[in-house]
Amino acid sequence: MNLKLTPPKEITFWIAVALGLLGLFSFLGVFTLLPIEAFWLLFIGFALLVVALFVKGL
């Protein structure tokens, strides 16, 4: 099985990093007014990176 991984675009990478940081800060209690739980912010950021590895041009 030959998987071709492509690096994500820079904007996709930084969006995923921002989501991860928001999730971390939400978990630590820095941002308490976010309507979404910290776990889901981290999960969405990680999932975005994984999808960007498999989808060319994302």
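Student: Quick one to start: among contacts between residues at least 6 apart in sequence, what share joins residues at least 24 apart?
Tutor: That share is 55%. A contact here means heavy atoms within 4.5 Å. Keep in mind that this is a predicted model, where local features need pLDDT of at least 70 and side-chain atom pairs count only at pLDDT 80 or more, while totals for chains, interfaces and linings use all residues. Residues are numbered from 1 along each chain as its sequence is written, and side-chain values use heavy atoms, with hydrogens and water left out.

Student: OK. How many helices and strands are in the protein?
Tutor: Two helices and zero strands. Both kinds are DSSP runs numbered from the N terminus: helices are H or I with at least four residues, strands are E with at least two.

Student: And is the protein spread out or compact?
Tutor: Its radius of gyration is 13 Å, well over the 10 Å that the globule rule gives for 58 residues, so the protein is more spread out than a compact globule. That radius is taken over C-alpha atoms, and the rule is 2.2 Å times the number of residues to the power 0.38. Along the principal axes, the C-alpha atoms fill a box of roughly 45 × 20 × 15 Å.

Student: What percentage of the residues is buried?
Tutor: Buried residues make up 17% of the 58. Buried means under 20% relative accessible area, exposed means over 50%, and partly exposed is in between (1.4 Å probe, protein chains only).

Student: Now the helices. At what angle do the axes of α1 and α2 cross?
Tutor: At roughly 160 degrees, and the axes of α1 (residues 10-28) and α2 come within 7 Å. That makes α1 roughly antiparallel to α2. The axes are lines fitted to C-alpha atoms, for helices over the stretch in contact, with angles running from 0 to 180 degrees between N-to-C directions. Under 35 degrees counts as roughly parallel, over 145 as roughly antiparallel, 65 to 115 as roughly perpendicular, and the rest as oblique.

Student: Which residues in α1 and α2 meet?
Tutor: From α1 they include Thr12, Phe13, Ala16 and Ser26, and from α2 they include Ala38, Leu48, Leu49 and Ala52. The residues of this contact divide into 14 nonpolar, five polar and no charged. In that count, Ala, Val, Leu, Ile, Met, Phe, Trp, Tyr, Cys and Pro are nonpolar, Asp, Glu, Lys and Arg are charged, and the others, Gly among them, are polar.

Student: Let's pick on Thr12. Is Thr12 buried or exposed?
Tutor: Thr12 is buried, with a relative accessible area of 8%. Not counting residues up to four places away in sequence, Thr12 touches Leu48, Ala52 and Leu58.

Student: Where does Leu58 lie?
Tutor: Leu58 is in the segment after α2. Leu58 is partly exposed, at 33% relative accessible area. Leaving out residues up to four places away, Leu58 touches Pro8, Lys9, Thr12, Val51 and Ala52. Leu58 and Thr6 are 52 residues apart in sequence, yet 9.0 Å apart in space, C-alpha to C-alpha.

Student: What about Leu49, which residues does Leu49 touch?
Tutor: Pro8, Phe13 and Ala16, again not counting residues up to four places away in sequence. Leu49 sits in helix α2 (residues 38-54) and is partly exposed, with a relative accessible area of 27%. Between the C-alpha atoms of Leu49 and Trp14 there are 9.8 Å, and these two are 35 residues apart in sequence.

Student: Last one: how many residues apart along the chain are Val17 and Phe39?
Tutor: They are 22 residues apart, with 14 Å separating their C-alpha atoms. Val17 lies in helix α1 and is partly exposed, with a relative accessible area of 28%.
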